[in-house]
Structures are given as C-alpha cells and as structure tokens.
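Let's take a walk through a protein model together. Keep the structure open beside you and look up each residue as we get to it.

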Amino acid sequence: MARAESNGPVGQFLEELDTPVFAVGFFIAAAAVIAFVLWPETVSGYMTSVNDFLWTAAGWWYLVAMFALVAFAGFLIFGPWGNIKLGDEDEEPEFTFLAYFAMLYSAGIGAGIVFWGPAEAIFHYDAVSPFISAESQSAGAAVGAIQYTFFHWGLSAWTAYVIMALPIAYFAYRYDAPLRISTVIAPWVGIQNLNRPIAKLIDILAVFATIGGVATTLGLVGSQFLVGVEWITGASVGDLGTIVVITGLTVAFTISVALGVEKGIRRLSYFNMILFTVVTVATFVLGPTTYIMTVGTEAIGAYINNFVTMSFYTGAAESGGGVSSWVGGWTVFYWAWWFSWTPFVGLFIARISRGRTVRQVVVTGVIASTGITIPWFATMGGTAIFLQENGRANILSVISELGEAGSGYPLFEALPLGGVLTGLFLVLVTTFLVTSADSSTLALGMLTTGGNEKPSTINRVIWGFLIGALASLLMVTGGVDALQQAAIITGGPFAVIALIAIAAMIVTFSSHEPLFFRKEDDVSLPSLEPETPDHDAADADPSAD
C-alpha cells in the first residue's frame, strides 16, 4: 500500500484494484448506459420480457427464499448462536449503538421508505390486494392497505440484509477474511482460496446487483425530488433537467462517501434520523391522530396474524395457476429489490458490526428497524387514506397525473404548517437518497478492491458516476416500470446467494459451542482450511492466510 500512496491517487486506484471484478462490473454498467442511450426501446423491450418471465415463472422462488431467511433470523435471535461475537471475545463495538443504528437504518432502507411512505397504502386502498377481502376505498381496504405496507417494509425486508452481513463479518473479524460477498463460501473453499473463479463470479454478480438495485432507488427517489421541485416552483425540469439533477445528487453522495464512514456517512445518518423523527411526529400530531392509531393498530394485528400466509401467497387462484399481477407487481418486486440490495447493505452492515454479537446485529437490523418503520407507514399511509376519504386532498388524482413520486406533497400541503412540512420532506428525500447511495458506492469500492475497507476516491467516483448515469437513463426512457424491472432482474441471483449465506452460518456456527466461548479457547474451523490434508486443530490459524 505504501507504493500505491507514493504514486498518488491514480497509483493507489490502480494498485488496489481487483482487476477482474472491477473490469467486468465496469463493463456491464457502461454497456447498460450505452445501450439505453443508443437503443432505449429495444433494451426496454428485452427488460420487459425477462422481467415477465421471472415474475410469472419464478415469482414463487422469491417468496420461498425470503421466508427461509426470516425463519433463520428468528432462530438466530432465540437460539444459542446469537451469542457468537463478530470479533474477539473481549472486543468492544466500533460504534455506539445510536451511531450504529442510525447508519444501518439510513443505508438499508431509508430512501425507499421516503418514496413509498405516502404512496403505497393509498395505492392498496384503491386497488385492493386479492388477499384482502374488501371493496375498493372501503374501511376494510384501509386496514388491508396499511397491513400490506407493514408486510412489504417490515421483517422480511430487513432480514435479507442481516443474513448476508453476518457470515461476512464473522469470517472477516475472526479469521481476517476480506470484506467481500464471496467470503460466504469460505467454509467450502477456504479463506486462502477466495481468489478462485467461483469467488470472482459471486463478487461480479454482487457488483451487477448493487448497480441495478441502487440505480432503481436513485431513480425512484430522484423522481420524487424532481416532482417536489416542480410542485413547489411550478416549473417542469424535462429530460435534460432530470439528468442534471440526478448528476448533482450523484456528486453530493460521492462527496459524502469520500469523507468516509466517520465524517460523512455517520454524521449525515444522525441528521437523517432526527429529521425523519420530526416529520413522522409532526404528521402524527397535526394529522388524523385517532384514525392513524385505530387503523394502524388493527393493521399490526392483521400483519402478525397473517404473516406466514402472506409470505406464501401467490394469487394463483385469481390468476389461473400463476403468480398474479398484483403479487408480481408488488411483493415479488419488493423481495427482488431487497435481494438486489443485499450485497452492498450486507457489506456495509458487516463493515460497521465489528465487536457486536450475532443476536445484537439481528435484533438491531430486523426488530429495531421494523419497529421504526411501522410507525412511519402507519402515519403516512393512515394520513393519506384519511385525507382522500374525507375529500381534503385528492392524492389519487395527483398520482395519476404526476406518478407515485407526487403522493407526499398534497398530503403535507393539506395539513397545518403544510409549507414547512413539504420543505422538510423534500430535504428528507435528498439526505436519505445521499446516505443510501454513498453507502452503496463504498460497498462497490470494497467489492472491486478485494475487500479494502477504504477504497480510493477515484474508485468511488467512477461507480457514483455510472450509477447516476444509469438511474437518469432509466428514468428518462422507462420511468418507474423500467426501474422495477431492473430490480427484479438483478435481485434474482442473490436469492440463491442469501441461502448460501445461511448454509455458511450453519456449517460454521455448529462447529463449536458459542455459549461457552472464551478468548483462550481454540475456535479454529478445519472446514476453512480445505487444502491442509492433516493439521492439528490446536495449531490451525486461518487468520494467517
């Protein structure tokens, strides 16, 4: 590394590269950008065809895989493996709990919930899920609408990230494995063999999924920002303005990630959580408080009671044997979107989880995060439905005119202090987008440098530019439909890799008794040393690799 530093920024960038992973990932991203520029209709058509196939033929797979992750996360919370430390037994966590939770939440899902918070429940209220036995825009539809937002953004969404993070953090902080997605196959190939083609392939898939997942989010939330500008100023930005604005946001998150976890991401995450809390509480107090509590309470009960059934619901009875269009367009899309985010969010959670136990990570990442998410969706969804039902704001009309991105602005405008809330919401959209994007850019840098925790600024700028360009083009050529298709396509492979992560934990964690771990105990794993034909477990030290 000293040689890289002596050669300046360019030398550091070239020295640190994992060339095959960077080159293939860069080529895929650049090719996608060029294809959208030259043949937008053709590319959109291919995306639609692939998306339709995955939706109809493999939709069930996304549902089954996600439920398996949730079930295993429950076992980690209540089982003995929850006591395993991600690091030395006497090692303290790198970050305080408040900083840890703020960064995890902001990076993991923040930008998405800002986009869909005011929009999703009102959609389900109008176009009711076949799973909910209620008429459109009825009281039953209101409960079912909020119930489904809890389902889509609750336990399942957060579980995928945590499952991917745990084996990576465990191998990295106990055995000095690289912070890469391919580290999940260490029990079978050995840490010293993570440069094999199969490992490179997994990391390349991780780059591909991250680009697609983050471009989806950047496009969705970027469109919300643009609609907000249009709503406040009355001026339409057009396609060129869209590209300019997304480029500006890309520059913002690139600067943030260049400052690093401590100066950039951590501080911005604190700001996000404070503003997020202010907007939620203000909307709850100034909005229909009693209605929010009444409908939200019933929706929580329905979510808990029907969780397993909803997890396996495909709508086959309504669709004639396949996955229904409602399930494909909502649940399958969301599950694929979460899977496409598992590489970078999993890596980011692993990066900040040193010194914590498995149980702490799962409880923070799944239970605490869901506990924060539910009040947001109950408040935003309940307020949107109440205003629509009582004629105080025609949110459905705004959505039909401006799209999903426009749902929040008439909602806040209809409340007391509407102008202030609208302005705060627009700021929240921006900062959450920047935080999610900069953590993903950091993860791409780690993936393409062999697990370097602090990849060079040039590396991160390159990925930031490509993600921003792809998001802009997706928005201009295909809008939300193209973004959703990109998420479903790129998330598919990581439904499989997430299950491999579970297998890695089962193989590894079952090899010792974590309840009775002591620092002086020998915890070496023979399975991590497949090339050593006959070694004494007492002498094995995988960290030497």
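## Charged pairs

Start with Glu 94, which is partly exposed, at 42% relative accessibility. This is a predicted model, by the way. The side chain of Glu 94 meets that of Arg 351 in a salt bridge, 3.3 Å from N to O. The two partners are 257 residues apart, with Glu 94 in the loop between α4 and α5 and Arg 351 in helix α17, so distant parts of the chain get linked. Arg 351 itself has a relative accessibility of 6% and counts as buried, because the cut-off for buried is under 20%.

How many salt bridges does the structure hold? There are 5. Another of them joins Arg 354 and Glu 91, whose closest N and O atoms are 2.6 Å apart. Here a loop meets a loop: Arg 354 lies between α17 and α18, Glu 91 lies between α4 and α5, and so the pair ties together parts 263 residues apart in sequence. Arg 354 is partly exposed at 28%, while Glu 91 is buried at 18%.

Asp 18 and Lys 200 also make a salt bridge, 2.7 Å from N to O. Asp 18 sits in the loop between α2 and α3 and Lys 200 in helix α11, so this pair ties together parts that are 182 residues apart in sequence. Are these two buried or exposed? Asp 18 counts as buried at 7% relative accessibility, and Lys 200 counts as buried at 15%.

## Rings that pair up

Now for the aromatic side chains. A search of the whole structure turns up 43 aromatic pairs. One of them is Phe 67 with Phe 307, a tilted pair with 6.4 Å from centre to centre and 35 degrees between the planes. Phe 67 belongs to helix α4 and Phe 307 to helix α15, so the pair ties together parts that are 240 residues apart in sequence. Phe 67 is partly exposed, with a relative accessible area of 22%, whereas Phe 307 is buried, at 13%.

Next, look at Trp 81 and Phe 509: their ring centres are 5.8 Å apart and their planes stand at 75 degrees, so this pair is edge-to-face. Trp 81 is in the loop between α4 and α5, and Phe 509 is in helix α23, so parts 428 residues apart in sequence are tied together. Both of these residues are buried.

## The inside

Time to zoom out. The protein has 23 helices and 0 strands, and 61% of its 545 residues count as buried. Its largest nonpolar core has 177 residues, and Trp 116, Ile 181 and Phe 339 have the most contacts inside it. Helix α17 gives the largest share of this core, 19 residues.

Thr 364, in helix α18, counts as buried too, at 6% relative accessibility. Which residues does Thr 364 touch, leaving aside its neighbours within four places in sequence? Phe 97, Tyr 100, Phe 101 and Ser 369 are in contact with Thr 364.

## The outside

The protein exposes about 19600 Å², and carbon and sulfur atoms supply 64% of that. Ile 34, Val 37, Leu 38 and Trp 39 form a nonpolar patch on the surface, with about 420 Å² of accessible area together. You'll find Trp 39 in the loop between α3 and α4.

Finally, find Val 496 in helix α23. Val 496 is partly exposed, with a relative accessible area of 41%.

Technical notes: Residues numbered from 1 in each chain as written. Predicted model: local features only at pLDDT ≥ 70, side-chain atom pairs only at ≥ 80, totals over all residues. Heavy atoms only, no water. Patch = residues over 30% accessible without salt bridge, like charges linked within 9 Å, V, L, I, M, F, W, Y side chains within 5 Å. Areas by Shrake-Rupley, 256 points an atom, 1.4 Å probe, with all protein chains shown as cover. Salt bridge = Lys/Arg side-chain N within 4 Å of Asp/Glu carboxyl O. Helix = DSSP H or I, 4+ residues; strand = E, 2+ residues; numbered from the N terminus. Buried < 20%, exposed > 50% of the residue type's maximum accessible area, 1.4 Å probe, protein only. Contact = heavy atoms within 4.5 Å. Core = buried A, V, L, I, M, F, W, Y, C linked by side-chain atoms within 4.5 Å. Phe/Tyr/Trp six-rings, centres within 6.5 Å; stacked < 30°, edge-to-face > 60°.
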